[in-house]
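Have the model open as you read.

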Amino acid sequence: MTESPPAPPLPGPAGPGGLRGPPGALLVAAVAAAASWNVLLNGFVWDDGPNVLANPWVREPGRVWEAFTHDLAAYQPHLTSGYYRPLMHLVFAAVHAVAGLRPWAYHLVNLAAHAAAAACVYLILLRWSRPAPAPSASPAAAPLDVPWGPLVAALLFAVHPIHTQAVAWIAGIVDLSYSLLFLLAFLAATHERPGRVVPLVAAPALLFLALLAKEPAVALLPVVAVALALRGRLRDAAARRDALLRLGALALAVVAYLPLRLAALGGALPAPPRVHVGLASGVATALALAAEYLALLVAPVRLSALRAFEVVASPGDRRALAGVAAVAALAALVWALRRRPSAPLGAAILVLPLLPALYVPVLGPNAGAERYAYLPSAGAALILAAALEALRDRLRLRAPAARAALAGAAALAIVAGAAATLRQNAVWRDDLTLWTDAVAKVPASPDANQALGIALLAAGRAPEAIAALERAVALDPALPQARVNLASSLLAQGRADEALAVATDGARLLPRVAEAHGVLGAALAAKGRWADAAEAYERALALNPRVAAIHNGAAAAYLELGRSDLALAHLREAVRLEPENPLWARNLAWLASQ
């Protein structure tokens with residue numbers, strides 16, 4: 001029996017010269033940072049409030065370890081997310097320990113993670129891109145060692161505007177950290193140098209951390225299997241043993257992760273369904289979402305914090321058919337480039353991590369979120385690099401003007417991407433700019449209108465807040481949180497009767513939400529019904545005793561009822577919870593002096 005030939009080395013340049021290796025990776029990281037530097041000017045927006053500002057696991061020393069034994073949102077008594085992502089809380093707690101509540105520090109972590117991920121994408125592209133054939137001209141015609149296809153594709157990844165949501169939103173660290181760790185784990189798992197410490201120890205350790213960041217990191221196993229098959233690791237017994245060892249080490253990381261998840265959530269599956277769809281409508285909606293993601297990767301226009309969501313009822317719907325066409329076009333492109341290893345590998349990295357983002361029942365209105373495309377866009381960069389190399393190879397024997405035109409188009413695309421990213425980052429400056437933009441782009445979104453109403457209310461623009469919240473309720477009468485915020489807006493306008501009616505509905509629809517009972521207490525107090533107000537405040541505090549504003553409201557109610565002892569106790573608790581708030585301190589000082 002003849003011995004099988006050894007597995008071929010990993011395709012791609014290995015030389016250290018020019019922009020191959022660390023110098024090129026540093027350049028790509030620098031461009032990524034330059035295209036998103038203005039996120040450092042942004043504040044806390046959207047879910048950053050509960051995730052950072054009101055998160056006891058982050059703000060109280062020693063409590064962060066509770067994140068490893070609980071649901072993602074378990075620190076909020078009325079919420080159950082069904083997700084297990086303790087790494088987010090650990091990152092936030094580390095930043096808080098160093099920089100407190102300075103938003104730029106949290107944004108700096110996101111910016112650094114994005115730059116590092118872009119560098120990893122470049123290194124993967126270098127490893128998996130074939131060197132272009134030598135030109136017919138003399139070697140002096142190409143004095144610089146520039147891996148053109150990988151460099152352009154990595155730079156486009158670095159400046160792609162679809163990454164704005166993940167990079168500019170502090171809570172986007174979930175997608176950034178899982179993606180960065182996934183890419184590092186892939187580099188380690190496909191490591192070719194002698195020794196097994198990197199693929200058998202470092203790779204599973206990185207995968208374990210990636211799983212703690214976000215569940216779709218499990219897609220690394222099939223992605224690495226694809227990579228090993230492309231490398232020829234299944235051709236003979238020795239190579240297969242090595243491949244199985246690498247995959248087995250990664251599988252052990254998943255095995256180590258599952259007990260933690262099971263203990264925290266009581267099950268391995270994600271959250272219960274938010275939207276109920278049949279098989280046909282679920283597949284049709286997934287196809288429509290796939291078309292939307294692929295379109296945004298090609299032309300990232302009308303980006304928004306929230307996107308329009310609608311279940312596609314039938315596979316014959318034009319949106320589902322567009323998905324079929326988009327998937328077919330992607331498959332055809334990869335097939336045409338199949339001799340370039342970066343194309344099939346890119347398809348695996350694009351498709352496999354994206355599949356959970358197409359599962360409509362669990363995601364519901366969150367389906368289509370741009371942050372879910374962060375890691376899949378690394379796969380798109382690999383496919384793009386293969387296409388650029390193929391195109392440049394075709395132009396290599398033609399007029400230099402054609403090659404110059406291709407280089408100019410690439411440079412223009414990189415500059416345009418960076419400009420669009422800088423512009424979109426500014427949208428995330430604060431809640432008012434974010435939700436004004438979202439409502440302008442997705443006016444039929446009840447969630448966007450509700451969030452805009454809350455932002456307007458915080459800005460002291462109560463009449464506009466009322467209008468936005470009324471739109472939210474009209475768009476979705478089953479959106480009870482909007483009623484709570486509408487009641488707050490009406491109170492700010494002195495419309496106590498209307499506020500009481502809306503707040504009563506809100507408390508009935510949200511019996512386990514402290515804020516619903518808190519705003520009902522405020523509405524009752526505005527009507528002079530102090531005993532009922534105190535009762536509502538106490539119900540709110542039984543659900544969440546950590547809201548200083550509700551303690552202050554309860555103190556006012558008890559003071560009107562002649563219970564200065566209870567009023568004093570509530571004010572002391574308000575000051576303890578928010579010592580930086582001068583209003584609670586003034587109220588306490590006044591009451592203590594009486």
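## Before we start

A residue counts as buried here when its relative accessible area is under 20%. Keep in mind that this is a predicted model.

## Helix H19 and its neighbours

With that cut-off in hand, which residues of H19 are buried? They are Pro446, Ala448, Asn449, Gln450, Ala451, Leu452, Gly453, Ala455 and Leu456. The helix itself runs over residues 446-458, so to speak a stretch of 13 residues. From its first C-alpha to its last it reaches 18 Å, close to the 18 Å expected at 1.5 Å a residue.

What do those buried residues of H19 pack against? Their partners are helix H18 (431-441), helix H20 (462-475) and helix H21 (480-492). H19 is followed by Gly460, which has a positive phi, near 80 degrees.

## The cores

The largest nonpolar core holds 141 residues, and Phe186 and Trp435 are the ones with the most contacts inside it. Helix H5 (residues 103-128) gives the most to this core, contributing 15 residues. Another core lies apart from it, with 38 residues, including Ala487, Leu524, Val547 and Ala567.

Back to Trp435: leaving out residues up to four places away in sequence, Trp435 touches Trp46, Ala305, Leu306, Ala448, Ala451 and Leu452. Ala448, Ala451 and Leu452 are among the buried residues of H19.

## H5 against H6

Now for H5 and its packing with helix H6 (residues 148-159): the axes sit 9 Å apart, at an angle of about 160 degrees. Angles over 145 degrees count as roughly antiparallel, and H5 and H6 are therefore roughly antiparallel to each other. Their crossing is right-handed.

On the H5 side, the contact is made by His114, Ala117, Ala118, Val121, Tyr122, Leu125 and Leu126. H6 brings Pro150, Leu151, Ala153, Ala154, Phe157 and Ala158.

## H5 against H8

H5 also meets helix H8 (residues 173-189), with axes that come within 9 Å and cross at roughly 30 degrees. That makes H5 roughly parallel to H8, and the crossing is left-handed.

Which residues of H5 meet H8? Among them are Val109, Asn110, Ala113, Cys120, Ile124, Arg127 and Trp128. The H8 side consists of Ile173, Leu176, Leu180, Leu183, Leu184, Phe186 and Leu187. Phe186 is a name you've met already, as one of the residues with the most contacts inside the largest nonpolar core. His114, Ala117 and Val121 of H5 take part here, and they are also in the contact with H6.

Notes. Residues are numbered from 1 along each chain as its sequence is written. This is a predicted model: local features need pLDDT of at least 70, side-chain atom pairs count only at pLDDT 80 or more; totals for chains, interfaces and linings use all residues. Side-chain values use heavy atoms; hydrogens and water are left out. A nonpolar core is a set of buried Ala, Val, Leu, Ile, Met, Phe, Trp, Tyr and Cys residues joined through side-chain atoms within 4.5 Å. Buried means under 20% relative accessible area, exposed over 50%, partly exposed in between (1.4 Å probe, protein chains only). Helices (H or I, at least four residues) and strands (E, at least two) are DSSP runs, numbered from the N terminus. Contact means heavy atoms within 4.5 Å. The expected span of a helix is 1.5 Å times one less than its number of residues. Axes are lines fitted to C-alpha atoms, for helices over the stretch in contact, and angles run from 0 to 180 degrees between N-to-C directions. Angles under 35 degrees count as roughly parallel, over 145 as roughly antiparallel, 65 to 115 as roughly perpendicular and the rest as oblique. A crossing is left-handed if the near helix is turned anticlockwise from the far one by less than a right angle, and right-handed if clockwise.
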